[in-house]
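Dear colleague,

I am handing over the structure that follows, and below it you will find my notes on what was found. Please read them with the model open beside you.

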Amino acid sequence: MSKAKAVIVDYYYEDIQQEREVLDSLDVELLDFHCSTEEEVVSVAADCDALICQFAPITRWVIERLERCKIIVRYAIGVDNIDVNAAEEHGIFVCNVPDYGIDEVSNQAIALLLDCAKKLTYLAGQVKQGNCSYTCVKPLHRMEGKTLGLVGFGRIPRAVARKMGGFGLDLIAYDPLINQEAAEELRVRPVSLEELLERSDYISVHCPLTEETRHMFDRDAFSKMKPTAIFINTARGGVVKDEDLVWALEHNVISMAGLDVTETEPIPADHPLLKLDNAVVTPHAAWYSEEAVKSLQRKAAEEVARVFSGKPPRNPVNHPQKK
């Protein structure tokens, strides 16, 4: 009987030693590639039993050509490059790694919020230009007593709520599937999206990118926010319509934005957001720490190992029927 075959179709880590260590104990053949197109993925993974990916497109077309695949795991929390419904129809588990970077991403969201609230990036730039007067950032407002609205209430926004608990903020959250017990424990009040947009002084986005959430932050949404509102996104760029955010910032519809994600990544050097003093943009790096990378790689391989051992995966995002 031939070995089970796992294929990593793309990654950008220094090595895949951890994955090999996890799967070698099961006598699994592990192959790794750097695919960027559907055709490349199929050419190396058509006969795999497990597929691990990062950014490669795992479309319906690809999934229909996976002859015996049991599980697809993404090196990430979001699975927006995978056709989850197609995988479910073909009896394939799709799994993510939802807990590898909770501390890192929640800290980045908070860092961007504090940066914008204190206008630190802009202020530091002014000092480099010889302007050492505090008046260049007027008006600046006290954070205590303000309202922080969390869009989504999964692991990361709950960490944000816990860490921000000592800042004297009123915490509210919008999530159709909100964990009421966790909300009560963290003193977060569930609200509608409409109320969150209207009441929040700071809005931090943590929802997944789906057909329902794509461009949920558009001109209409920004128009409902306070003109002093600060908008933070460490989730997925596609949740926001970039051109509408640019409009909102240029016309002072909202005050500032702190972004780790944008619709197009990497963001082009000539993108309008990069020309605005009231936007702080980082390069989708919120997830990163050396510890997070190690955790992500190992946990992705452990999901494959569980399925090869006859156990259910820990973090499926779909519910396929057995092949």
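Cys-69 counts as buried, at 0% relative accessibility, where buried means under 20% relative accessible area, exposed over 50% and partly exposed in between, with a 1.4 Å probe and protein chains only. The closest cysteine sulfur to that of Cys-69 belongs to Cys-48 and is 4.2 Å away, too far for a bond, and the structure holds 0 disulfides, a disulfide being a pair of cysteine sulfur atoms within 2.5 Å. Cys-136 is likewise in no disulfide, with the nearest cysteine sulfur, that of Cys-132, 8.9 Å away; at 18% relative accessibility, Cys-136 counts as buried.

Please bear in mind that this is a predicted model, in which local features need pLDDT of at least 70 and side-chain atom pairs count only at pLDDT 80 or more, while totals for chains, interfaces and linings use all residues. Residues are numbered from 1 along each chain as its sequence is written, and side-chain values use heavy atoms, with hydrogens and water left out.

Turning to the strands, β10 (residues 230-233) is covered on both faces, with Ile-230 and Ile-232 buried on one side and Phe-231 and Asn-233 buried on the other; helices (H or I, at least four residues) and strands (E, at least two) are DSSP runs, numbered from the N terminus. In a regular strand the side chains alternate between the two faces of the sheet. Strand β9 (residues 202-205) pairs with β10 in the parallel sense over 4 bridges, where pairing requires that DSSP finds at least two bridges between two strands, and Val-205 stands opposite Asn-233. Strand β11 (residues 256-259) also runs parallel to β10, joined to it by 4 bridges, and here Phe-231 stands opposite Ala-257. Between β10 and β11 the chain passes through helix α11 (residues 242-250) in a right-handed β-α-β crossover, that is, one whose path from the first strand over the helix to the second runs clockwise with the strands pointing away from the viewer.

The largest nonpolar core has 31 residues, of which Phe-217, Phe-222, Met-225, Phe-231, Leu-245 and Ile-254 touch the most other members; such a core is a set of buried Ala, Val, Leu, Ile, Met, Phe, Trp, Tyr and Cys residues joined through side-chain atoms within 4.5 Å. Two or more residues each come from α9 (193-199), β9, α10 (219-223), α11 and β11, and α11 gives the most, with 5 residues. Leaving aside neighbours within four places in sequence, Leu-245 is in contact (heavy atoms within 4.5 Å) with Phe-222, Phe-231, Val-240, Ile-254, Ala-257, Leu-259 and Leu-273. Apart from this core lies another, of 29 residues, among them Ile-16, Ile-71, Tyr-75 and Ala-301.

Some backbone details also deserve a look. Most residues other than glycine have a negative phi, and most peptide bonds are trans. Phi is positive, near 55°, at Asp-27, which lies in the loop between α1 (17-24) and β2 (29-32) and is partly exposed, with a relative accessible area of 47%. Phi of Lys-119 is also near 55°, but Lys-119 counts as buried, at 16% relative accessibility.

With best regards
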